[in-house]
Amino acid sequence: MRARLINAWRRLFPHPVAIARRDRERAATEGRIKRDRAIRRAALQKFGKN
């Protein structure tokens, strides 16, 4: 029962380190998506398939 309370509490108030890690991961994936799109756009323009 105590573990359930702690888990619920953590879900409501995550640890600052956990928040920072989540933000870093999201920023990394967003950056990768943007870079992939830019590369794809450049390749399409280069090979004239747009």
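Reader: What percentage of the 50 residues of the protein count as buried?
Author: This is a predicted model. A residue counts as buried under 20% relative accessible area. For the 50 residues of the protein, the share that counts as buried is 0%.

Reader: How many helices and how many strands are there in the protein?
Author: Helix H1 covers 2–12 and helix H2 covers 16–47. The protein has zero strands, and its helices number two.

Reader: Why is the protein described as more spread out than a compact globule?
Author: For 50 residues the globule rule gives 10 Å. The C-alpha atoms fill a box of roughly 60 × 20 × 10 Å along the principal axes.

Reader: Which residues form a nonpolar patch on the surface?
Author: The accessible surface of the protein is about 5,200 Å², and 57% of it belongs to carbon and sulfur atoms. The patch has about 410 Å² of accessible area in total. One of its members, Phe-13, sits in the loop between helix H1 and helix H2. The patch is formed by Trp-9, Leu-12 and Phe-13.

Reader: How far apart are the centres of the positive and negative side chains?
Author: The protein carries 16 positive side chains and 4 negative ones. The centres of these two sets are separated by 3 Å.

Reader: Which side chains meet in a salt bridge?
Author: Side chains of opposite charge can pair when their charged atoms come close. A salt bridge needs a nitrogen to oxygen distance within 4 Å, and the count here comes to one. At 3.3 Å from N to O, the pair is Arg-26 and Asp-23.

Reader: What separates Arg-26 and Asp-23 along helix H2?
Author: Both residues count as partly exposed, Arg-26 at 47% relative accessibility and Asp-23 at 36%. They are three residues apart in helix H2, so the separation is about one helical turn.

Reader: Is Ala-28 buried, partly exposed or exposed?
Author: Ala-28 is placed in helix H2. Buried means under 20% relative accessible area and exposed means over 50%. The value for Ala-28 is 41%, so this residue counts as partly exposed.

Reader: What distance separates the C-alpha atoms of Ala-28 and Asn-7?
Author: Along the chain, Ala-28 and Asn-7 are 21 residues apart.

Note on methods. Residues are numbered from 1 along each chain as its sequence is written. This is a predicted model: local features need pLDDT of at least 70, side-chain atom pairs count only at pLDDT 80 or more; totals for chains, interfaces and linings use all residues. Side-chain values use heavy atoms; hydrogens and water are left out. Helices (H or I, at least four residues) and strands (E, at least two) are DSSP runs, numbered from the N terminus. The radius of gyration is taken over C-alpha atoms; the globule rule is 2.2 Å times the number of residues to the power 0.38. Buried means under 20% relative accessible area, exposed over 50%, partly exposed in between (1.4 Å probe, protein chains only). Accessible areas come from the Shrake-Rupley method with a 1.4 Å probe; for residues, only the protein chains shown count as cover. Lys and Arg count as positive and Asp and Glu as negative; His and the chain ends are not counted. The place of a charge is taken as NZ of Lys, CZ of Arg, CG of Asp or CD of Glu. Patches are made of residues with over 30% relative accessible area and no salt bridge: like charges are joined within 9 Å, nonpolar side chains (Val, Leu, Ile, Met, Phe, Trp, Tyr) within 5 Å.
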